[in-house]
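Work through the two exercises below with the structure in view, and try each task before reading its solution.

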Amino acid sequence: MRDWAERWRERGWPQGSPAYLLHGWFPMLRAAGDPDAMAACALDAVRHDRLLAATGGDGAALGEITAAGEALLERGDRPGLVVTLLELALRRSVLRDRNGRMPAELPVAWAELGEVDRGLALARGLEPVNRIPALCGIARFLHAEGDAEGARALLAEADVLIRGFHDTVGRVTVLWTVGDAWLAVGEADRAERIVYELGELPRSRPLLDLVAFWCRAGEFRRALDALGAEEERRTAVKGLGIVCGALAEAGREAEALALARSAHGFGRALGLVRAAAGTRGEETDGLIVEALAALAGERRAHEGELAVELVDALVAAGAVDRAETLITYWPEAYHTDGMRLALVRGLAREGQLDRAEAVFDRLASAANRNHARVALIEAWAGDGPTERIGPVLADLDDSFVRARAVRAVIGALVRAGHVEEAEALASEEAGTADPRRLGPRVHLARALAGAGHRERAAALLGRVEAVSRMPRYEEVVPVLAAVAEALALAGHGEEARTLTDGLEVRTGRESELLAVVRALLAAGRSDEAGQRARTARGNRREHLLGLVARARDARSPEALLEEFERPAEPFGCVRISLGEGVARPRLPAPEENVELVEVERRAARARALREEGRGEEASGELVRAVAAARGALAYTAAPLPAVVRAQAALGRTAEIAELLDEAILYLEHLDGRREVSYVARAFVAAGRYDEALGLARTPSRGSQDTTGPQLDLVTALARAGQHERAEDLLDELARRGVARARAYADLALAHPDPGRTRELTALALHAGPWYEALPAVLRYEPGALPLVLAEADRLRRALEV
């Protein structure tokens, strides 16, 4: 078998290569327990190209790379382990790159054309942020085609992926993408579990979707139980309206009215109107009057969200005039524009388009006018008069909401037989989120397939796929910058300077700009870093210029890295006050308006003075650091770890306890997982490791995601010498599907056992992304440098494409 496979490899895997060697050879090597052969197979780029041609995607090749890495790691530390894992990581990176930012809709479109296997192969080659919605979309299609088992299997796969998805920006959207798909296939229990993983505010819309599902299934009691446990009042009120309307539609009008009348104020009003809309009987007018009367004496301040919902319900009940009157006499003018938008949307939904246009003319907000344009365009697109769409679409200048309108227009044009017009529109569209116009073209292909133009659709999807595999400048730059930084900090300054030649930022993204500035600083090009920093906008510009100024004074790679890791000064934060609070007799009075950099400098000076034996001066500097840290707690705990380290160095155990107690009180009001991370790291600095772990595992205000604080804590524990605790926490995260190269690399850099450092470095490469593991790779495996430089050269050439 090996000789057979070797002969085909030597021939370059031509067309007609045996299917078994493409699909069955690697599983056989895995079953035989041969990690080296598995790695060799997974590193065969030509064979992967043949697999791509056979399957249409890179999912199988990526699976081989993962399996080979797992087998090598399971075998343990051996010569060449890190180099082989780096080779696998780089191969994975190439495959990820050639999938580019392929839109999640593309694999779904192939599935809808009957190419389900190709769609799945493409989906499994995407990054999780796109792979998850792609799998969900294909699952929905399979369910609609009658393959319920296949749909559930794909959703289970997506469900596993979201456990390891810790992008705090996109997590809520991705979570509910899976939850909503579970609802679509009738699995409400699986959806409910996801609903309660969302924070209180993000949970509102998904919970209402879940309530509507239960109502459609006739499970009204379950819907009411969920609403009874909901603490967010406006969500509960909207949900009550949904249940009342569903009961009325199900012929249970008496129950609907009894439920509505059991509530007060907006709850009663919305319940009665939804019930009226569900029946449209002779009692409708009376119920509307009763509903509006329920608002008499009701406190209406800050109730714009419920007022918008009530307007929508009135339109659904046929009481448009009542809705207009409600808007006219609403006491808070800043709510009325949103109410008018709800009126436009409701009228468009009900087919009263002339009246909707008249209301549209009275909208004041540009954002609301854009949303209203979308509603009108979607209504016209569904109704057929496409000639009215052009002028309204031309005025729609919000690229994000415009994309939705464009999809509707493309569908309408294809249905009307105006395929050339649809193609022209798809080619012209270019929004900030889709600079290559891929989204509209995929939607065009789906519309063409739905209209019977299957060959034309397939050809278009093929072109979209080819374009999506091309490298994007804005995605290559941050990776190249990270490589240059790692090389410079590892002592390879000349190579780093070569990589930073001509490195530019073209998108204005803050993360991309920061990466380039850091790379230039690490490479010793501070003047150019300053030039780049001055291109930033607003407060970010001040932060980057401050970083450049401090980096000029750094005398070692360690000092420079410390500046890179220093938290940015938060701007625009609302300061909080706990009043007099608890007396802190051992702590100095808070000192406000001290920059975070200065707070940390005071703490560092206190430690330095202590080491020099100048105890009295150290004590004075520490008092100033603690005072400034207490003042900063009104908006951030960022300097707390540095201050607690200084307190510990000076033996101030009692003062540490008081400061941490105060931080915990403020933490209940500070927003965001980063604040939890700061306080948890301060507990580590105090040697209170178990409390740090407990804090990092506790959901923060407004978010159920604890992944970020725990990953940050791994680094803090490792640097504090708590290697076993750090490893245990990483193992716990890995079991949940969470793994990040940087955390493993930080642990490797701090670990005292040479054999274990190599294994941890290999784990970092396996977890990915590979460039985050570079600090450990370059320290512990000098032989990896040629591989790193070759990949850097590939990235530089990609920028020239």
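**Exercise 1: a pocket and its lining**

The second largest pocket has a volume of about 490 Å³. A pocket here is an open set of points on a 1 Å grid where a 1.4 Å probe fits, with protein on both sides within 12 Å along at least five of seven lines, and lining residues have an atom within 4 Å of a point. The model is predicted, so local features need pLDDT of at least 70 and side-chain atom pairs pLDDT 80 or more, while totals for chains, interfaces and linings use all residues. Residues are numbered from 1 along each chain, and side-chain values use heavy atoms, without hydrogens and water.

Task: find which residues are the closest to the centre of the second largest pocket, and which helix gives the most to its lining.

Solution: among the 23 lining residues, Asp312, Leu341, Ala342, Arg345 and Arg404 are the closest to the centre. Helix 22 gives the most to this lining, with 6 residues. By class, the lining has 10 nonpolar, 3 polar and 10 charged residues.

**Exercise 2: two helices in contact**

Task: determine how helix 18 and helix 19 are oriented to each other.

Solution: begin with the axes of helix 18 (residues 265-279) and helix 19 (residues 284-293), which come within 8 Å and cross at roughly 165°. The two helices are therefore roughly antiparallel, a term for angles over 145 degrees. Next, look at the contact (heavy atoms within 4.5 Å), to which helix 18 brings Ala269, Leu272, Val273 and Ala276, and helix 19 brings Thr284, Leu287, Ile288, Glu290 and Ala291. Sorted by class, this contact has 7 nonpolar, 1 polar and 1 charged residues.

Technical notes
Axes fitted to C-alpha atoms, helices over the stretch in contact; angles between N-to-C directions. Helix = DSSP H or I, 4+ residues; strand = E, 2+ residues; numbered from the N terminus. Parallel < 35°, antiparallel > 145°, perpendicular 65-115°, else oblique. Nonpolar A, V, L, I, M, F, W, Y, C, P; charged D, E, K, R; others polar. Points joined across faces, edges and corners; volume = space filled by probe spheres on them.
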